[in-house]
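Here are my notes on the model you sent over.

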Amino acid sequence: MKSACETILNCIGEDPSREGLLKTPKRWAEALLFLTKGYSQTVTDVTNDAVFEEGMGGAEDMVVVRDIDIHSLCEHHMVPFTGKVHVGYIPRKKVLGISKIARIAEVYARRLQVQERLTREIASSLMSAIDPLGVAVVVECSHMCMVMRGVQKVGSNTVTSSVLGCFKNDSKTRAEFFSIINRK
């Protein structure tokens, strides 16, 4: 990776041997490995025995975690997009430690991504991990490929959602979730 970075620096007209750039290839390689660490993680890795049998279940028991910060790289330009994830689920018999919801979002955000797939992956993985009655995920992000290049529209956000199970089939449940995440 370091030699690839040196090649890139040469291609843009820089001198990789100049003082300010001497350690850049190593730093860039380390940063890229950190930003894509989701490839070496699984949902099972990050849930760490934090799935609990509660014997509950019922449409009135919604769990919502909102405003989870995420940072990812757009797979089309390898430029960052950042924003918030909001997740809701209705337990059937199992609940998940709430910090694990943020960790699941992180697993998928730390891969080259498109926001649409990221949203679906978070929702699908929660369904698989705890088999709830339903899951809803909303992701709101600002994409640097739109802000720094191309149309250069600062302040624009993209919102995606994925609703599964009872959130998809029951408009009242879906409306309750959206009402909760939109409270400020």
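1. A word on terms to begin with: the expected span of a helix is 1.5 Å times one less than its number of residues. Helices (H or I, at least four residues) and strands (E, at least two) are DSSP runs, numbered from the N terminus. This is a predicted model, where local features need pLDDT of at least 70 and side-chain atom pairs count only at pLDDT 80 or more, while totals for chains, interfaces and linings use all residues. Residues are numbered from 1 along each chain as its sequence is written, and side-chain values use heavy atoms, with hydrogens and water left out.

2. Now to helix H4, residues 98–109. Its twelve residues reach 17 Å from first C-alpha to last, close to the 16 Å expected at 1.5 Å a residue. Which residues of H4 are buried (under 20% relative accessible area, with exposed over 50% and partly exposed in between; 1.4 Å probe, protein chains only)? They are Lys100, Ile101, Ile104, Ala105, Val107, Tyr108 and Ala109. An α-helix has 3.6 residues a turn, so residues three or four places apart point the same way.

3. The buried residues of H4 pack against helices H3 (43–47) and H5 (115–130). They also pack against strands S2 (63–74), S3 (80–90), S4 (94–96) and S5 (112–113). Contact here means heavy atoms within 4.5 Å.

4. For the whole chain, you will find eight helices and seven strands. The C-alpha trace spans about 65 × 40 × 25 Å along its principal axes. Of the 184 residues, 40% are buried. Among contacts with a separation of 6 or more, 69% come from residues 24 or more positions apart.

5. Phe167 belongs to helix H7 (residues 166–169) and Phe177 to helix H8 (residues 171–181), so the pair ties together parts ten residues apart in sequence.

6. Phe177 also pairs edge-to-face with Phe178, at 5.4 Å centre to centre and 75 degrees between the planes. Phe167, Phe177 and Phe178 form one aromatic cluster. How do the accessibilities of Phe177 and Phe178 read? Phe177 is buried at 0% relative accessibility, whereas Phe178 is partly exposed at 27%.

Methods: Rings of Phe, Tyr and Trp (its six-membered ring) pair if their centres lie within 6.5 Å; planes under 30 degrees apart count as stacked, over 60 as edge-to-face and the rest as tilted.
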